[in-house]
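Please keep the sequence and the coordinates at hand while reading.

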Amino acid sequence: MSCSSGLKYNEKLDQCDWPENVQCNPVDGGWSDWSAWGPCTVTCGGGTQARNRSCTNPPPSNGGKKCTGPDTETQQCQTMICPFDCTEKPDGNYKDPNNCYGFIACSNGIAHQMKCPHDLKYNEKKDKCDWPENVTC
């Protein structure tokens with residue numbers, strides 16, 4: 001039932017009444033459902049994505065309390081290691097961005113993941129596997 005302009009519904013009288021005669025009960029706010037997770041900030045290598053909710057189920061009214069807690073959540077996504085792309089690189093060896101104990105050998109646009117011998121790290125300046133104290137990684 002809707003009241004005429006300027007009047008409010010009085011529950012006690014079960015009719016429309018002047019606003020000063022109507023005492024509205026406070027309604028505390030409630031959270032809506034979480035939205036779907038948004039897109040990830042990256043396609044590989046580790047990013048974040050977020051989802052939201054709003055204090056509209058119901059919204060606070062008549063002096064009711066606002067919702068408590070966060071309205072946004074984030075989580076990690078696309079945490080797999082990014083593949084090394086050799087398509088625009090000349091043939092040769094390259095530092096592996098994900099592994100100091102190896103390198104990437106590019107040949108005809110194809111990446112080959114190579115391992116250094118036990119406990120050695122790839123030295124990009126010397127283009128060979130070297131003692132760890134000679135390599136910053």
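Cys 77, by contrast, is buried, with a relative accessible area of 7%. The model is a predicted one, in which local features need pLDDT of at least 70 and side-chain atom pairs count only at pLDDT 80 or more, while totals for chains, interfaces and linings use all residues. Residues are numbered from 1 along each chain as its sequence is written, and side-chain values use heavy atoms, with hydrogens and water left out.

Cys 40 and Cys 77 are joined in a disulfide (a pair of cysteine sulfur atoms within 2.5 Å), with their sulfur atoms 2.0 Å apart. The torsion about their S-S bond is about 90 degrees, so this disulfide is right-handed. Cys 40 lies in the loop between strand E2 (15-17) and strand E3 (47-52), and Cys 77 in strand E4 (residues 72-77), so that the pair ties together parts 37 residues apart in sequence; strands here are DSSP runs of at least two residues (E), numbered from the N terminus.

## Further disulfides

The structure holds seven disulfides, and another of them joins Cys 86 to Cys 106, with an S to S distance of 1.9 Å. The link of Cys 86 and Cys 106 is left-handed, with -70 degrees about the S-S bond. Because Cys 86 lies in the loop between E4 and strand E5 (92-95) and Cys 106 in strand E6 (residues 102-107), the pair ties together parts that are 20 residues apart in sequence. Both Cys 86 and Cys 106 are buried.

A disulfide also joins Cys 100 to Cys 137, where the S to S distance is 1.3 Å, and this link is left-handed, with -90 degrees about the S-S bond. Cys 100 lies in the loop between E5 and E6 and Cys 137 in the segment after strand E9 (128-130), 37 residues apart. Cys 100, at 22% relative accessibility, counts as partly exposed.

## The sheet of E5, E6 and E7

Three strands form an open sheet in the order E5-E6-E7, with antiparallel pairing, where two strands pair if DSSP finds at least two bridges between them. E5 and strand E7 (110-115) stand at the edges with a single partner strand each, so one side of each is left without a neighbour in the sheet.

E5 and E6 pair in the antiparallel sense over four bridges, and Tyr 94 stands opposite Ile 104 in E6.

Note on methods:
Buried < 20%, exposed > 50% of the residue type's maximum accessible area, 1.4 Å probe, protein only.
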